[in-house]
Amino acid sequence: MFIYAVSSVRPLEYVILQYINDRETQTTALLVSDEAVQSYKTVDEAVQTDEEPKRKLRLAEDTSGQLANFLRRTEPYIIKQLTNNLRSRAFDGYDVDLEDDSTSVTSLHTLTYPSLQDKFQVTSLSWNSTGSVIGASYGQQEHEDWCTHRSVMCTWNLDRTGIVADKPDSKIEVDSCLMYIAFHPKNPAIVAGGSFNGEVLLWDLSREDDMLIATSGLGQDSHQEPVTKVYWITDAKGKKIYLVSASGDGKIIQWKIDRKAQKLLPKEGFMVMTQSLPRQMKVKGVRGDREIGVTCLSYHSEDRETFIVGSETGVIFKCSMYSQGPPAGSHIVSSIPLRSPVTFTYNPHHGPVYAVECSPFHRNAFVSASMDQCIRLYSLLQAQPVLTIEPGEGYVHSATWSPVKATVIAATTQSGNLLIYDLKQGKTVPVHNIPASSNKEPVYACQFNPQQTHLLATGDGKGRVQIFKLSSKLQQVSGKETEFLGNLVNVTAE
C-alpha cells in the first residue's frame, strides 16, 4: 500500500492507492503406471523304475551238519510242548471279539411283495447255493376246503446294488398256495416247491420265458394232501442229487426228473402209518395201515440213508431209506410200492411237530419244535429228549441249527419273535430275543444263510421277510462247541 500527500490551498488530502496481485502455483501431474509380474512355472515328470527280474530262491546249503544236529536235539522238546498245548484247558471258553458289533443282531432289510402283503403268510424260506438270493413262498396255513388261491414265489438278490425292498427280482405264480420251497444245493437257479393241492414243481430261474421245468401233476402218484416239505438229498456216493417231498397224506416220495416230458416221476416211496405209533398212542379199532400226516423231515448230515420225520400226531420217527417195513394199505393207490421207513420212535411232543433238523456237526443230535410250545434236543440213540426248552411265547414254528457254530440254534414263535440260543452260554435262555414282525404276527419260517453265514432270514404272517445281520460272537468258533454238544447229548441222556 502506498500513501501520497498533496499540498495546495485546499486542506491536506490523503489519497490511498491499493494494488492487489493474485498468483497460483501448480505442480506437474502425477504419473501412475501398473505392471504385472508372474514367475510361477510347473513341470510334470514321470519316473518308472525298471522291472526287477525274477530271481530263483536258493536255500543255503549246510554241509557241516550243525543244523541237522540242532533239529534232532530240539525236536523232542518241541513235540512235547506242542502236545502239552493241545491238551491244555487254559483258554477254554475264551473267545476273541474282533469287531465292535460282537454282541448285536441288526435288521438289514424288510422285503415285501405289496400285492400279497396282509393276504398271505410267508410259508417257507430258502437261500440259493451262492447265498446271494433269498426265496420266499406265500400261502395260507388254514383252508376250509380245496385251495383256489393264486399264490406266488418271490426272490430277492441281496448282492444286487440298489435293492428295492418291495420289488422282487423274480416272481412265479402258482395255482394254489405254495407251502414249501428249496433251492438246489449246487445249481443256484434251480428251485423246487410244493403246493397246498399236493403238486410238486421244479423251476429254472435262469430262463426268461417259461421257468417251469417239471411237475408231478395232481394224479394218484402225486400227493393227496398239502406238501409240507421238499428236500434235496445226495446219494451215498455223493454224485447224484435227488428231490424228496413229504405231505400230510403220509407219503414220502423220491422223484426223478424227465425234462423232455416236463414230468417228475416217482422213483421210490414210503408211507408213515399208525402201526409205528408208540403203544400208548394206538387206538383200538383203528387199522395199523392208516396213514399219519408228515409235517417235516430232515436227513442225517453224514449217513444220507437215515432221516428224521415229524408228524401231525406229535410223534418223531427215525427212518431209513433201506427199511423193509410193512407195505402201505390196499386202499392206497400208487405206481410204485410204498413201505414204512420207520425204525425207531421218540418220545412225542404234545402237539403237531413243526420242525425237525439234524445237527450238521454231531451225528447223534437233532432239534425239534412243536405246537406244544417246546423246543427239544434229542439224541438219535434214545427215545427221551436230552433237553427241553419252553420259551413261553406260544407255538414254536421253526427251529434250525447255525451252519458255523455247533451250539447255536435259532427258533421263531407265535408271538412274533426270533429266539437265538447258544447252548454253551445258557441252555434254556436265549442270548437274543428279537422282534421279527410287526404287531406280534406269528413268524413261520427261519433260515440261516449257509454261505454268507452272518445273515439269517425270517418270514412272518403278514408276508414280510426280514434279513438279519448276526453278531460276530454268534459266528466265532472256539473249537470246543462240538465237544460241548456231544457231552450234552451223551451225558445228559444218561
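Leu470 touches Ser104, Val105, Ile420, Phe448, Thr453, His454, Leu456 and Gln475, leaving out residues up to four places away in sequence. In this predicted model, Leu470 sits in the loop between strand 31 and helix 2 (481–493). With a relative accessibility of 4%, Leu470 counts as buried, because the cut-off for buried is under 20%.

**The whole chain**

- The protein is built with 2 helices and 31 strands.
- Of its 494 residues, 47% count as buried.
- Among contacts between residues at least 6 apart in sequence, 54% join residues at least 24 apart.
- The protein exposes about 28,200 Å², and carbon and sulfur atoms supply 50% of that area.

**Nonpolar cores**

- The largest nonpolar core has 23 residues, and those with the most contacts inside it are Leu125, Ile134, Tyr138, Trp156, Leu158, Val465 and Ile467.
- Which elements give two or more residues to this core? They are strand 4 (121–127), strand 5 (133–139), strand 6 (151–157), strand 30 (455–460) and strand 31 (465–469).
- Another core lies apart from this one; it has 21 residues, among them Ala365, Ile389, Ala411 and Tyr421.
- Val465 is worth a look in the viewer: beyond its neighbours up to four places away in sequence, Val465 touches His109, Thr110, Leu111, Val122, Leu125, Ala136, Tyr138, Trp156, Thr458 and Gly459.
- Three of those partners, Leu125, Tyr138 and Trp156, are also listed with Val465 among the residues with the most contacts inside the largest core.

**Buried residues in strands**

- Ser195 is found in strand 9 (residues 190–195).
- Is Ser195 buried or exposed? At 0% relative accessibility, Ser195 counts as buried.
- Setting aside neighbours within four places in sequence, Ser195 is in contact with Ser176, Cys177, Leu178, Met179, Pro226 and Val227.
- Val342 has its place in strand 20 (residues 342–346).
- The relative accessibility of Val342 is 17%, so Val342 counts as buried under the 20% cut-off.
- With neighbours within four places in sequence left aside, the contacts of Val342 are Ser276, Phe317, Lys318, Cys319 and Ser323.
- Val342 and Met321 are 21 residues apart in sequence, and their C-alpha atoms are 9.3 Å apart in space.

**A buried aspartate in a loop**

- Asp289 belongs to the loop between strand 15 (263–271) and strand 16 (294–299).
- Asp289 counts as buried because its relative accessibility is 16% and the cut-off is under 20%.
- What joins the side chains of Asp289 and Arg287? A polar contact of 2.6 Å joins them.
- Not counting residues up to four places away in sequence, Asp289 touches Met273, Thr274, Gly329, Ser330 and His331.

- Asn439 is not a glycine, although it has a positive phi of about 60 degrees.
- Lys440 also has a positive phi, near 55 degrees, in a residue other than glycine.
- Asn439 is found in the loop between strand 28 (432–435) and strand 29 (443–448), and Lys440 is found in the loop between strand 28 and strand 29 as well.
- Asn439 is exposed because its relative accessible area is 71% and the cut-off for exposed is over 50%.
- Lys440 counts as exposed too, at 66% relative accessibility.

**A nonpolar surface patch**

- Which residues make a nonpolar surface patch of about 290 Å²? Leu67, Phe70 and Leu71 make it.
- Leu71 has its place in helix 1 (residues 66–87).
- At 48% relative accessibility, Leu71 counts as partly exposed, because that value falls between the cut-offs of 20% and 50%.

Note on methods
Residues numbered from 1 in each chain as written. Predicted model: local features only at pLDDT ≥ 70, side-chain atom pairs only at ≥ 80, totals over all residues. Heavy atoms only, no water. Patch = residues over 30% accessible without salt bridge, like charges linked within 9 Å, V, L, I, M, F, W, Y side chains within 5 Å. Areas by Shrake-Rupley, 256 points an atom, 1.4 Å probe, with all protein chains shown as cover. Salt bridge = Lys/Arg side-chain N within 4 Å of Asp/Glu carboxyl O. Helix = DSSP H or I, 4+ residues; strand = E, 2+ residues; numbered from the N terminus. Buried < 20%, exposed > 50% of the residue type's maximum accessible area, 1.4 Å probe, protein only. Polar contact = N/O pair within 3.5 Å; in protein donor to acceptor, adjacent residues only side chain to side chain. Contact = heavy atoms within 4.5 Å. Core = buried A, V, L, I, M, F, W, Y, C linked by side-chain atoms within 4.5 Å.
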